[in-house]
Amino acid sequence: MRTRMAIWSGKMAGILSKSMGNDGTTIPGVVARKVDPLFLRHLRKTAKTIIYITGTNGKTTTANLAAHLLRFAGKKVIANLEGSNMVTGLSAALVRQTPLVGWRVNEIAVMEVDEASLPKVVSECAPDYLIVTNFFRDQLDRYGEVDLLIKKMKESLRTFDIKLILNGDDPFVHRFSSLQKENIYVGLDANACPFQSYSMAESKYCPECQNELTYTTIHYGQLGHYKCSCGFSRPEPNFSVEKVENGIQGVRLSVDGVSYPTTLKGMYNAYNALLAITMCRTLGIDSKYIQDGLVSYHKGNGRMQEFSINGVKWKLNLVKNPAGANVTLSEYMLTKEKKQFIFCLNDELADGEDISWIWDIDLEMANRSEVDIYIASGKRAYDVALRMKYAGIPSEKIMILPNLKEAVFYTKSKALPTYVMATYTCLSPLISILSRETDKLEKGDENIGTATIPLLPRYLKPVWGQRKYHMFKKTMRMAGNYASSRRNK
Ligand SMILES: [Zn+2]
């Protein structure tokens, strides 16, 4: 009865909160947990198999992709696709997807879990599978903190009988092997991928004995083929990528002789796709379903999102930390075409108030003759410009335009391919501005950039403005939710 009360009050709170114009994303979870403090344990009642996905970068993409592929293969899936990945967010997803009476029977739960929240989440409901993507220093966290975080995560899993799907190319992730669970490793072959090399701010030291690791191949950051004199070395992967290529819609992976075209842009997404593919294969999904599922997947906003403005290509990617920024840059600088580059930096709570992490980005790598202009934008545009100057970029190529709209309009006038990298709170205003400029919007076909309402009749055109408002509200909600969940920590 108490549980039922928790669900009802959670649902009620969600409706009330929404009607008052609030986001309501985590509210149902917060309220349900007031009534039933260990509410998340009921996840077991609604899913036979529970999968958690955690790590620093790529967990949202991996979780969304895995959920999509499983649904595509006909499985009933419960997921927290709103990106609320702490215990209240997971509880909210459960409240929202549970009917007023009884429990919906899903086959699989696919939940993205914040690294720091994993022990709490696991203590309430242990998963059957845990996927670990990678560990990078998040902004200012130093190695010691990553080390402590991993120790805590491992400790929380010790007593449970679970299977681990691990990115074996990351020595940090490989530390989970010592838990002696059933491990499934993934990795990229030595010559699988033409990542652009960049100087690495990540630690390359053995997590077991602190000696320097020897690498025969580095894909990016500390990810690659490593070994240590103490015997710690990259595990032989159960699923490995032989080749990653740029296909028509996105990267194409060849995994153990099977080709998987995807809609994911950016070489670094090879790891996310590989983890999702491995999850599905482990659950016995036929690779035909996985192949078809991958090409029908359209991912969330601001992740290597493309826009076409006056026939010119624009690309936008979210960056949160130096490792993410470096892979973004290496992707942006792959082609030798003439281009423009914009870096939008804010210092709100959700972006990280301390912006000194930008000094760990390898902007030196982006100092290329083919880049026509470098725009520093956002509230901390001057700091970005200073960083660019120290990267050796000629001052006459650097332009400071703190206002995002001005930055976009100035760049647009040059009609060159434009690559934008932005922190969290710059993302929704940018998507809104770029979507408004996107060519295809006027033609009525599927537009890149805004959420599409496919059956929108032409005579409903006047409500388009309204639709944009909803989009904006939705993205604002993401930002708001993130900030509030941070505060709740
Ligand atoms: Zn060692």
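A salt bridge is defined here as a side-chain nitrogen of Lys or Arg within 4 Å of a carboxyl oxygen of Asp or Glu. By that criterion the structure holds 19 salt bridges. The model is predicted, so local features need pLDDT of at least 70 and side-chain atom pairs count only at pLDDT 80 or more, while totals for chains, interfaces and linings use all residues. Residues are numbered from 1 along each chain as its sequence is written, and side-chain values use heavy atoms, with hydrogens and water left out.

**Salt bridges within helices**

- Side chains of opposite charge can pair when their charged atoms come close.
- Aspartate 147 pairs with lysine 151 in a salt bridge whose closest N and O atoms are 3.6 Å apart.
- These two residues are separated by about one helical turn, because they stand 4 residues apart in helix H7 (residues 143-157); helices (H or I, at least four residues) and strands (E, at least two) are DSSP runs numbered from the N terminus.
- Aspartate 147 counts as buried at 15% relative accessibility, whereas lysine 151 is partly exposed at 48%; buried means under 20% relative accessible area, exposed over 50%, and partly exposed in between (1.4 Å probe, protein chains only).
- Aspartate 292 forms a salt bridge with lysine 288, and the closest N and O atoms lie 3.1 Å apart.
- Aspartate 292 and lysine 288 are likewise about one helical turn from each other, being 4 residues apart in helix H10 (residues 287-295).
- Aspartate 292 is partly exposed at 32% relative accessibility, and lysine 288 is partly exposed with a relative accessible area of 46%.
- Elsewhere, salt bridges that share partners join Arg33, Lys120 and Glu124 into one network.

- Arginine 234 forms a salt bridge with aspartate 169, with 2.6 Å between the closest N and O atoms.
- The pair links distant parts of the chain, 65 residues apart: arginine 234 is in the loop between strand E8 (223-227) and strand E9 (239-246), and aspartate 169 is in the loop between strand E5 (163-167) and helix H8 (171-174).
- Both arginine 234 and aspartate 169 are buried.

**The zinc site**

- Cys206, Cys209, Cys228 and Cys230 coordinate the zinc ion through their SG atoms at 2.2 to 2.3 Å; donors are N, O and S atoms within 2.8 Å of the metal (3.2 Å for Na, K and Ca), and sites may look incomplete because water is not among the atoms.
- The site is tetrahedral, with angles of 98 to 117° among its 4 donor atoms; four donors count as tetrahedral if all angles lie between 85 and 135 degrees.
- The donor residues follow the sequence spacing C-x2-C-x18-C-x1-C.
- Cysteine 228 is buried at 7% relative accessibility, while cysteine 230 is partly exposed at 44%.

**Helices H9 and H10**

- Helix H9 (residues 269-282) packs with H10 at an angle of about 145°, their axes 10 Å apart; axes are lines fitted to C-alpha atoms, for helices over the stretch in contact, and angles run from 0 to 180 degrees between N-to-C directions.
- Ile277, Cys280 and Arg281 in H9 meet Ser287, Ile290 and Leu294 in H10, where contact means heavy atoms within 4.5 Å.

**Asparagine 167**

- Asparagine 167 lies in strand E5 and is buried at 0% relative accessibility.
- Leaving aside neighbours within four places in sequence, the contacts of asparagine 167 include Val132, Thr133 and Tyr271.
- Asparagine 167 and asparagine 272 are 105 residues apart in sequence and 9.6 Å apart in space, C-alpha to C-alpha.

Methods:
Tetrahedral: all angles 85-135°; square planar, octahedral: opposite > 155°, others 65-115°.
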